[in-house]
Amino acid sequence: MEIPSKYEPNRVEEHWYNYWTKHDFFSSKPDEREPYTIVIPPPNVTGVLHMGHMLNNTLQDVLIRRARLLGKNACWVPGMDHASIATEAKVVAKLKEEGIAKADLSREEFLKHAWDWTDEYGGVILQQLKKLGCSCDWDRTKFTMDDDMSASVIKVFVDLYEKGLIYRGYRMVNWDPEAKTTLSDEEVIYEEKQGTLYYLAYQIEGSEEKVTIATTRPETILGDTAVCINPNDERYHHLRGKKVIVPICNRVIPIIEDEYVDIEFGTGCLKVTPAHDENDKNLGDKHNLEVIDIFNEDASLNSYGLHYQGKDRFVVRKEISKELEEKGFLVKTEQHTNKVGTSERTKAVIEPRLSDQWFLKMEDLSKPALEGVLKTNDVKLYPKKFENTYRHWMENIRDWNISRQLWWGQLIPAYYFGDGQEDFVVAETKEEALKKAQSKNPRIQESDLRQDPDVLDTWFSSWLWPISVFGGILEPENEEVNYYYPTSDLVTGPDILFFWVARMIIAGYEYRGKRPFENVYLTGLVRDKQRRKMSKQLGNSPDALKLIEDFGADGVRVGLLLSSAAGNDLMFDEALCQQGKNFANKIWNAFRLIKGWEVADLPQPEAAKLGIEWYTAKFNQTLAEIEDHFSKYRISDALMAIYKLVWDDFCSWLLEIVKPAYQKPIDMATYDEVIHLFEQNLKILHPFMPFLSEEVWQHIAERTPEEALIVSKWPQQGEINASIIADFDFAAEVISGIRTIRKEKNIPQKDALELSILNSEKVSGKMDAVITKLGNLSAIISVDSGLDGALSFRVKSNEYFIPISGAVDVEAEIKKIMEELNYTRGFLQSVQKKLSNERFVNNAPEQVVAIEKKKAADAEAKIETLEKSLASLG
């Protein structure tokens, strides 16, 4: 095959991806090998590829491709999450554009639209992941609403209900008035917001006296059912047993006493609105207060809102505060900062609301998951710092509100019969529900059963993901789940450590008696150069597919990983992708250089033999480093080690050492060994740069599909010859010294130089052949004292001399050194003057004085070197 002059990622990527899929290299079936399994964090069915996905999935692909090269049975399961709230919101918005309101549709009609949406847009992101090079087993693609996945969710609900862990309760919940559904505590984001504290006057019944109450929500006074004082507050002892009149609605409510009231906050008087605040609800239950709900499900006011009925809560807040002021009830207002809960999905301000909901008892369920991470280390978190976050959540866990008032999702398998909501049964099917209901009342017919209209929280599907994708809920002893479970690694973001990761661990111990995965690698968030989180709203998130088009998938993968230390946020800059692209070009050009050499049956030069021996040692040393990085999930450090090995050691040093003279052939032994080392490089590069590495690999030789790089073998760890690495490092400094003199004195590389060495370090001459070749030396001579009339440099305590006969204009050199010497002496004098000033030394910070002393020492050392150079030229 002819080797193109340039690496063309756009041509190469599609070709090799099709080749890999055609030969089933991504597919996995249980066999005798050790399994290595990753389940993808399922992106929303409505999702498109963004920078977070790019990072997360590149990391997974690196791990899976490396496992494949290590000879493991690598299985990466892709899939999507039905994402109840997000998807329903998108479908509702699409229908609105078409002039259709959700309220005008039956559930069946709406679900048809939702499935149409899913069929049209679902899976777009999975197709995009292929562009990135993700080697998922696409035949295993799962969707959380697949029939078997839904059946697994329903089976688990019924099981937990029968164990007494799921219950129905009338509770204060987090209500999202935009999505019109309840949310779990974890789906509420608390943000500090500047608001107003309103001081309102409530008149005491049968008296002219008024009591002042502070509130941030004046609209909720219409739901007040008591005023509460602290029994220890002497200011209000005279109000015991009295009643107050609520402004505007003129409702007469009691004054109650409870130590819950903070005497110091506001006026020490608290309005109690049991329908709209969890703490007020607790007070209401304790004191047997009436509960008045003033809101509709969209947070507009209902008939209890009087003349504000039908208006939005925030509109009412403005209008009622004005009315309160006009009628003399508003005493004053103050600026006030408080935490406001907002919906993670819709960003709507959450409304506390009393509602019948389904809950899962978490306290006992979560204990094995707490121990598995924090005591037995059965599941390891990387970085370890996240264990504290995990501990905090799990030790303060609350019952999980698992019902949602949506249409898109798995219907709760509860069936009501009779008039109220007290009579119900829980069963996997309607047929089973009928049998259970008939055991309570034999006259019940199937037509009497009404299924609960609520769906389950999306996370109640995805917490089963590592088990259900292998059929482990419906068939707990099937071959696949017994082989692939527990999975190996999970790569995800710390923002869903509790939502998803902790809950999967809980489900794993409950339903398999085992952890769901061994290691959890938590990535950072992708931010822009200004440290802002990437988002559509800010417009700072680059088009992921455009990046691949511009820099190639390998360039983008390298760019992302070079800046991505585990658990730390990634400051993304397109320049990093350019660096990745440059790296791909460097490798391509190195390959073209090698393939351009003519090969002949010649003896192997000593320099080439030494270079190969050194690079082999260096490769083994780097391989050990890489293994250590992978074991600690320092993926970007592993890539950086490979980057330096290939760019610096292979391309910049080894190829220079073995390169034949201009228009001369290379010997067969060196050529074969260089190709072998190049192949070893490609193997460790492959997980990071799959397309480029496969392209070069296939150009090196004709290969059968069984010999493709993707299924080759990861290099074996060889012995690390530390002494040859140390010898080479020293020789490299000598070569750099020679090159510096050539550059400074404009001595052409083609002019051979003689090098004399004063060998105080007792360095062996093992690398002399390499120094001779790369320095273009005519001879290396050992001397007992310094040479006059020579240029010199030092490496540690060794001194090296290059005679300058004819090569340098001595007079010009003396003049140049004198100029530099005079400047440095003047500089030293000014620093010494500063240091001899007692006021400066006594008053300046210690660090500043230390810097000045270092400047003086450096200048003295430089003067000594310049004086020696001057003496040798004189």
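Which residues in H18 meet Tyr643, Val646 and Trp647 in H20? The first point below takes this up. The model is predicted.

1. **Two packed helices.** Helix H18 covers residues 574-595, and helix H20 covers residues 635-658. The residues of H18 that meet H20 are Gln579, Asn582, Phe583, Lys586, Ile587, Ala590, Leu593 and Ile594. On the H20 side stand Tyr643, Val646, Trp647, Phe650, Cys651, Ser652 and Leu655. The two helices pack at an angle of about 35 degrees. Their axes are 11 Å apart. The crossing of H18 and H20 is left-handed.

2. **An aromatic cluster.** Phe650, named above among the H20 residues that meet H18, is also part of an aromatic cluster.

3. **Aromatic pairs.** The model holds 40 aromatic pairs. One of them joins tryptophan 358 and phenylalanine 424, and this pair is edge-to-face. The ring centres lie 5.4 Å apart, with 80 degrees between the planes. Tryptophan 358 belongs to strand E14 (residues 351-360) and phenylalanine 424 to strand E19 (residues 424-426), so the pair ties together parts that are 66 residues apart in sequence. Tryptophan 358 has a relative accessible area of 0%, so the residue is buried. Phenylalanine 424 is buried too, at 13%; the cut-off for buried is under 20%.

4. **A tilted pair.** Tryptophan 400 and phenylalanine 460 have ring centres 5.7 Å apart and planes at 55 degrees, so this pair is tilted. Tryptophan 400 lies in strand E16 (residues 400-401) and phenylalanine 460 in helix H12 (residues 459-462), so parts 60 residues apart in sequence are tied together. Tryptophan 400 is buried, with a relative accessible area of 2%. Phenylalanine 460 is buried, with 0%.

5. **Charges over rings.** Arginine 66 lies over the face of tryptophan 714, at 5.1 Å from the ring centre. Lysine 332 lies over the face of tyrosine 199, at 4.5 Å from the ring centre.

6. **A four-stranded sheet.** Which strands form the open sheet with mixed pairing? There are four, in the order E29-E28-E31-E30. The edge strands are E29 (777-782) and E30 (790-795), and each pairs on one side only. Neighbouring strands are turned by 25 degrees against each other on average, direction ignored. Helix H23 (residues 722-744) packs on this sheet. H23 touches E28 (753-758), E29, E30 and E31. The direction of H23 makes about 150 degrees with that of E30.

7. **Inside that sheet.** E30 pairs with E31 (residues 798-803) in the antiparallel sense, over six bridges.

8. **A parallel sheet.** Three strands make an open sheet in the order E15-E23-E22, and the pairing is parallel. Its edge strands are E15 (380-382) and E22 (487-492), each pairing on one side only. Here neighbouring strands are turned by 15 degrees against each other on average, direction ignored. E22 and E23 (residues 517-522) pair over five bridges. In E23, tyrosine 521 is the bridge partner of valine 491.

9. **Strand E9 and its partners.** Are the residues of E9 (226-229) buried or exposed? Ala226 and Cys228 point one way from the strand, Val227 and Ile229 the other way, and all are buried. E9 pairs with strand E12 (residues 269-272) in the antiparallel sense, over four bridges. E9 also pairs with strand E11 (residues 252-257), in the parallel sense and over three bridges. Isoleucine 229 has cysteine 269 as its bridge partner in E12. Isoleucine 229 also stands opposite glutamate 257 in E11.

10. **Serine 468.** This residue sits in helix H13 (residues 465-468). Why does serine 468 count as buried? The relative accessibility of serine 468 is 3%, and buried means under 20%. Leaving aside neighbours within four places in sequence, serine 468 is in contact with Met149 and Ser152.

Terms used:
Residues numbered from 1 in each chain as written. Predicted model: local features only at pLDDT ≥ 70, side-chain atom pairs only at ≥ 80, totals over all residues. Heavy atoms only, no water. Pairing = 2+ DSSP bridges. Axes fitted to C-alpha atoms, helices over the stretch in contact; angles between N-to-C directions. Contact = heavy atoms within 4.5 Å. Phe/Tyr/Trp six-rings, centres within 6.5 Å; stacked < 30°, edge-to-face > 60°. Buried < 20%, exposed > 50% of the residue type's maximum accessible area, 1.4 Å probe, protein only. Lys NZ or Arg CZ within 6 Å of the ring centre and 35° of its normal. Left-handed = near helix turned anticlockwise from the far one by under 90°.
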